[in-house]
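Biologist: I am new to this model and would like to know what stands behind the words used for it. Please set each value against its rule.

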Amino acid sequence: MNKILIYTDGACSHNPGPGGWAAILIYKNYIKEISGGNPNTTNNRMELTAAVKALELIKRPSDIILYSDSAYLINAFTRKWVDRWVKNGWKTSTKKSVENKDLWELLIKYDRTHNIEWVKVKGHSDNEMNNRCDQLAKEQIKK
């Protein structure tokens, strides 16, 4: 199976406000950078969008390691939050509606299609790829 590394990040000026997202996909010696933005969004939506946009580019079931500094994104899968949300009719443990359901549904679909390892990295630290994603996402805010 294909082995793909993905680094993602999202950023937002104010919250909500203008936002940007970015991802870097690495397959063998091939590196692809993607990014985009939204004039009125939240940081969490941009974090999730970065992962969605990266995963939608992968057309065949693959082994993926997805790195993100978003605890919201990573914990949703590693701590099985998404499973509980689906089981509880998209309600949180406090009975509130889960935000960003549209993006979560896409991420769940990709998680079922691929073998994804969700890895939390420390943001704004020494991870070169995470820092590059942060830079690309922030550039999108300016646009």
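**Values and rules**

Modeller: I start with the contacts in the protein chain: of those between residues at least 6 apart in sequence, 63% join residues at least 24 apart. A contact here means heavy atoms within 4.5 Å.

Biologist: What kind of model is this, and how are its residues numbered?

Modeller: This is a predicted model, in which local features need pLDDT of at least 70 and side-chain atom pairs count only at pLDDT 80 or more, while totals for chains, interfaces and linings use all residues. Residues are numbered from 1 along each chain as its sequence is written, and side-chain values use heavy atoms, with hydrogens and water left out.

Biologist: How many helices and strands are there, and in what pattern do they follow along the sequence?

Modeller: The protein chain has five helices and five strands. Both are DSSP runs numbered from the N terminus: helices are H or I with at least four residues, strands are E with at least two. Along the sequence the pattern is β-β-β-α-β-α-α-α-β-α.

Biologist: How do you know that the radius of gyration agrees with a compact globule?

Modeller: The rule is 2.2 Å times the number of residues to the power 0.38, and the radius is taken over C-alpha atoms. For 143 residues a compact globule would be near 15 Å, and the protein chain has 15 Å, so the value agrees with the rule. Along the principal axes, the C-alpha atoms fill a box of roughly 45 × 40 × 25 Å.

Biologist: What makes a residue buried, and what percentage of the residues is buried?

Modeller: Buried means under 20% relative accessible area, exposed means over 50%, and partly exposed lies in between (1.4 Å probe, protein chains only). Of the 143 residues in the protein chain, 48% are buried.

Biologist: Why is the pair of Tyr-7 and Tyr-67 called stacked?

Modeller: Rings of Phe, Tyr and Trp (its six-membered ring) pair if their centres lie within 6.5 Å; planes under 30 degrees apart count as stacked, over 60 as edge-to-face and the rest as tilted. By this rule there are seven aromatic pairs. In the pair of Tyr-7 and Tyr-67, the centres are 4.5 Å apart and the planes 10° apart, so the pair is stacked. Tyr-7 lies in strand S1 (residues 2–12) and Tyr-67 in strand S4 (residues 62–68), so the pair ties together parts 60 residues apart in sequence. Tyr-7 has a relative accessible area of 11% and is therefore buried; Tyr-67, with 18%, is buried too. One aromatic cluster is formed by Tyr-72, Phe-77, Trp-81, Trp-85, Trp-90, Trp-104 and Trp-118.

Biologist: Why is Leu-5 called partly exposed, and which residues does Leu-5 contact?

Modeller: Leu-5 has 24% relative accessibility, and counts therefore as partly exposed. Leu-5 lies in strand S1. Leaving aside neighbours within four places in sequence, Leu-5 is in contact with Ile-24, Leu-25, Ile-26, Ile-65 and Tyr-67. Leu-5 and Tyr-67 are 62 residues apart in sequence, and their C-alpha atoms are 7.8 Å apart in space.

Biologist: What makes Ser-68 buried?

Modeller: Ser-68 has a relative accessible area of 0%, so the residue counts as buried. Ser-68 lies in strand S4. Beyond the neighbours within four places in sequence, Ser-68 is in contact with Thr-8, Glu-47, Leu-73, Ile-74, Val-119, Lys-120 and Val-121.

Biologist: Is Asn-75 buried or exposed, and which residues does Asn-75 touch?

Modeller: Asn-75 is buried, at 15% relative accessible area. The residue sits in helix H2 (residues 71–78). Not counting residues up to four places away in sequence, Asn-75 touches Lys-80 and Trp-81.

Biologist: What makes the backbone at Lys-28 and Trp-90 worth a remark?

Modeller: Most residues other than glycine have a negative phi, and most peptide bonds are trans. Lys-28 is not a glycine, yet has a positive phi of about 55°. Lys-28 is in the loop between S2 and strand S3 (30–41), and at 65% relative accessibility counts as exposed. Trp-90 is likewise not a glycine and has a positive phi of about 60°. Trp-90 is found in the loop between helix H3 (81–87) and helix H4 (101–113), and at 12% counts as buried.

Biologist: Which residues does a cis peptide bond join?

Modeller: Asn-15 and Pro-16 are joined by a cis peptide bond, with omega about 15°. Pro-16 is in the loop between S1 and strand S2 (17–27).
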